[in-house]
Amino acid sequence: MTLRCDQSPVWAELQAHFAASGRGFDIRDAFRADAGRFGALSFEAPEVFADLSKNRIDAPTLTLLLKLARDCGLEARRDALLRGDPVNHTEGRAVLHTALRAPASSGAPFNAEVQASLDAMLAFAEGVRRGDRGAITDVVHIGIGGSDLGPAMVVQALQAFGRRDLKLHFVSNVDGHDLAPVLAGLDAQHTLFVIASKTFTTQETLANAQAAKAWFLAAGGTDVARHFVATSSNTAAAAAFGIDTAFGFWDWVGGRYSLWSVIGLPIAIAVGAENFRALLAGAHAMDQHFATTPLERNLPVLLGLIDVWYRNFHGFTSRSVAPYHQGLRRLPAYLQQLEMESNGKGVDLDGNALSLGTSPVVWGEAGTNGQHAYFQMLHQGTDVIPVEFIAVKRPNFGVSGELADKLADQHRKLLANCLAQSQALMQGKTAAEALTEKAPTASATLDRDVLARHRSFPGNRPSTTLLLEALTPRSLGALIALYEHRVFVTGALWGINSFDQWGVELGKALCNQLLPRLASGDATGLDGSTAGLLKRLLAA
């Protein structure tokens, strides 16, 4: 039996529990009352250690949330996803990104086809690295959405595993200011372009691809087929463009889940086949954890349940992600699409309007940069925003000697900042404590009590810390898969389809209608605002 979470009898139990103790829950009191809280609320998953102890949860809360998950049939929904049932019911498709990272002979759906596609893509990537297409020094990947965000994030995160003589560039925005500066520094004879579009019809991607082709020919390039490759199932359209090497994939590969497929070609070129397979292996290990671990210790499930607790009971509308590793600086942008495009829905599986909140706003910045930008709001603002800290124990700078020692010291400072921020969010500071301190930059004439109120922090602000031993292809794969499954958990409980994205279609259709008007100036039938802006843009 499957239920939308607010239709379960357990929902009323959770509401009563929240009213009785959840609303006033204080993390600081919980630590004072339970010396073993950290141990009880820390969990291990493949490559990821999670400290959930600084969240507004306790054993009774988790017991009820787990009861809710079972009553709503979460395990059955998970199993349907993993075996390839058409869980994307509005498009009649399976959702099998997990099959893309399953090892050979695993029995996963489409395993033979997946392995053949993977082998062909990795062989091509190794050929590029080996020089089969000439001395390629730069690879320009042109895509948008999931076909850009995933590969770009992974290549950046795994920079330590790449080659210094091979540079990867990512272009996605149809704004020419994205493409032009990339092309400005390239040599056409030493550049490979990867055009990523499943249908080879994506407006932004094709516009950038055509511009890149024009630049290539104008810069003396003569062999388009040698310098352009596609990750697309529309081989006819790619051939018409001049491309004779295209890697196709299946309709059950959603854009935001596609980095594991041939869309990951730039990743494979950047880090090599062995590291790409390690990325897949890490994700598969997390898949197995999600598929087989009891819900009480299942990290994607626990994180998803906490998300429901915060979104639907505490009313927290956003979550900040703060990775304390420069290599993960694009992870928040990747997670924005993964979560908000997946779960930003207003109707349930039956098309009924929801009366509960779904996806929170996901946003963030790499630490310590974020501390000097938006952390002020996290600590003293009027909204409570749960924060997700991601820390990496062992750095990989790729240097030695005195510089290595200096950077190791900086890494300790980075980790100290990460721990300090989560500690400060929880502990806060009372006005009485502020009165005992002397702040060097404080006004000498302002009333001491007024100043103390300005310098106090409410505390009791929740956070989760995810810890990786090192940032490697395997650990990154596991981390991404963790987030994928967490998003599925919340979507399943809310009773929504996490795998369609109809919300982006209307804007695309209207763009196609407006494009010729920007040439003709015809504003007939447009609303007043759009007509006025059109005329303003076309005015001499």
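## A buried asparagine

Which residues does Asn-208 touch, not counting residues up to four places away in sequence? In this predicted model, the contacts of Asn-208 are Ile-142, Val-171, Ser-172, Asn-173, Val-174 and Leu-179. Asn-208 lies in helix H10, which covers residues 203-218. Its relative accessible area is 3%. That is under 20%, so Asn-208 counts as buried.

## The six-stranded sheet

Six strands form an open sheet. Their order is E1-E2-E10-E9-E7-E8, and the pairing is mixed. The edges are held by strand E1 (42-45) and strand E8 (361-364). Each has a single partner strand, so one side of each is left without a neighbour in the sheet. From one strand to the next, the twist averages 20 degrees.

Strand E2 (residues 48-51) pairs with strand E10 (residues 463-470). The sense is antiparallel, over three bridges. Within this pair, Ala-50 stands opposite Leu-466 in E10. Helix H21 (residues 473-494) packs on the sheet. H21 touches E2, strand E7 (318-324), strand E9 (387-394) and E10. The direction of H21 makes about 150 degrees with that of E10.

## Strands E5 and E6

Strand E5 (residues 191-196) pairs with E6 in the parallel sense, over four bridges. Ile-195 stands opposite Ala-230 in E6.

How do the side chains of strand E6 (residues 228-231) point? Phe-228 and Ala-230 point one way. Val-229 and Thr-231 point the other way. All four residues are buried.

## Salt bridges across the chain

How many salt bridges does the structure hold? The total is 30. One of them joins Lys-67 and Glu-13, with the closest N and O atoms 3.0 Å apart. This pair links distant parts of the chain. Lys-67 is in helix H4 (residues 59-71) and Glu-13 is in helix H1 (residues 9-22), 54 residues apart. Lys-67 is partly exposed, at 40% relative accessible area. Glu-13 is partly exposed too, at 33%.

Arg-474 and Glu-47 also meet in a salt bridge, at 3.0 Å from N to O. Arg-474 lies in helix H21 and Glu-47 in the loop between E1 and E2, so the pair ties together parts that are 427 residues apart in sequence. Arg-474 is partly exposed, with 36% relative accessibility. Glu-47 is partly exposed as well, with 34%.

Glu-341 forms a salt bridge with Arg-256. Their closest N and O atoms are 2.8 Å apart. Glu-341 is in helix H16 (residues 331-343). Arg-256 is in the loop between helix H12 (235-241) and helix H13 (265-271). The two residues are 85 apart in the chain.

Glu-341 is partly exposed, at 23%.

## A network and a surface patch

A network of salt bridges links Asp-307, Arg-319, Glu-339, Glu-388 and Arg-486.

On the surface, Leu-515, Leu-518, Leu-537 and Leu-538 form a nonpolar patch. Together they have about 390 Å² of accessible area. Leu-515 is in the loop between helix H22 (505-514) and helix H23 (517-520).

How values were computed
Residues numbered from 1 in each chain as written. Predicted model: local features only at pLDDT ≥ 70, side-chain atom pairs only at ≥ 80, totals over all residues. Heavy atoms only, no water. Pairing = 2+ DSSP bridges. Axes fitted to C-alpha atoms, helices over the stretch in contact; angles between N-to-C directions. Contact = heavy atoms within 4.5 Å. Patch = residues over 30% accessible without salt bridge, like charges linked within 9 Å, V, L, I, M, F, W, Y side chains within 5 Å. Areas by Shrake-Rupley, 256 points an atom, 1.4 Å probe, with all protein chains shown as cover. Salt bridge = Lys/Arg side-chain N within 4 Å of Asp/Glu carboxyl O. Buried < 20%, exposed > 50% of the residue type's maximum accessible area, 1.4 Å probe, protein only.
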